[in-house]
Amino acid sequence: RYSFFIPTYISSIQPYEFISKNNLSFFQGCVVKYVCRYLSKGTAVQDLDKIIHYCELEKLKLKDEKKK
């Protein structure tokens, strides 16, 4: 598991807790997950590509919602 530090709360929180407590979408949650781990898993470049990919998917979702 990986956790990250949120200075506002001065504590550590698991990504899934942050995602849940902030009602993030699936794509937003994936971005949080990969941002939290990309330097610690040994796959930094791949994880950064995944972050970009999920950001692009979130943008498409927002554009689709705007059309409705």
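**First stop: a charged residue in a helix**

Begin by selecting Glu58, which lies in helix H3, and bear in mind throughout that this is a predicted model. Glu58 has a relative accessible area of 12% and is therefore buried, the cut-off for that class being under 20%. If you hide its neighbours within four places in sequence and show what remains in contact with Glu58, you will find Ser25, Phe27 and Gln28.

**Second stop: the whole of H3**

Now extend the selection to residues 44–67, the 24 residues of H3, whose first and last C-alpha atoms are 35 Å apart, close to the 34 Å expected at 1.5 Å a residue. Colour the helix by accessibility, and the buried residues that stand out are Asp47, Ile51, Tyr54 and Glu58. What covers the buried residues of H3? Among the elements that do so is helix H2, residues 26–37.

Select H2 next and check its length: its 12 residues should span 16 Å at 1.5 Å a residue, and the end C-alpha atoms of H2 are 17 Å apart, which agrees. Within H2, the buried residues are Gly29, Cys30, Val31, Val32, Tyr34, Cys36 and Arg37.

Show both helices together and draw their axes. Two packed helices are described by the angle between their axes and the distance between the axes. Here the axes of H2 and H3 come within 9 Å and cross at roughly 160°. With angles over 145 degrees counted as roughly antiparallel, H2 and H3 are therefore roughly antiparallel to each other. The crossing of the two helices, H2 and H3, is left-handed.

To display the contact itself, select Phe26, Phe27, Gln28, Cys30, Val31, Tyr34, Val35 and Arg37 on the H2 side, and Asp47, Lys50, Ile51, Tyr54, Cys55, Leu57, Glu58 and Lys61 on the H3 side. Coloured by class, this contact of H2 with H3 has 10 nonpolar, one polar and five charged residues.

Move to the loop between helix H1, residues 15–21, and H2, and select Leu24, which lies in it. Leu24 is partly exposed, with a relative accessible area of 25%. Leaving aside its neighbours within four places in sequence, Leu24 is in contact with Phe18, Ile19, Gly29 and Val32.

Then select Asn23, whose place is also in the loop between H1 and H2. Is Asn23 buried or exposed? At 68% relative accessibility it counts as exposed. Most residues other than glycine have a negative phi. Phi of Asn23, however, is near 50°, a positive value in a residue other than glycine.

Of its 68 residues, 26% count as buried.

Key: Residues numbered from 1 in each chain as written. Predicted model: local features only at pLDDT ≥ 70, side-chain atom pairs only at ≥ 80, totals over all residues. Heavy atoms only, no water. Helix = DSSP H or I, 4+ residues; strand = E, 2+ residues; numbered from the N terminus. Expected span 1.5 Å × (residues − 1). Buried < 20%, exposed > 50% of the residue type's maximum accessible area, 1.4 Å probe, protein only. Contact = heavy atoms within 4.5 Å. Axes fitted to C-alpha atoms, helices over the stretch in contact; angles between N-to-C directions. Parallel < 35°, antiparallel > 145°, perpendicular 65-115°, else oblique. Left-handed = near helix turned anticlockwise from the far one by under 90°. Nonpolar A, V, L, I, M, F, W, Y, C, P; charged D, E, K, R; others polar.
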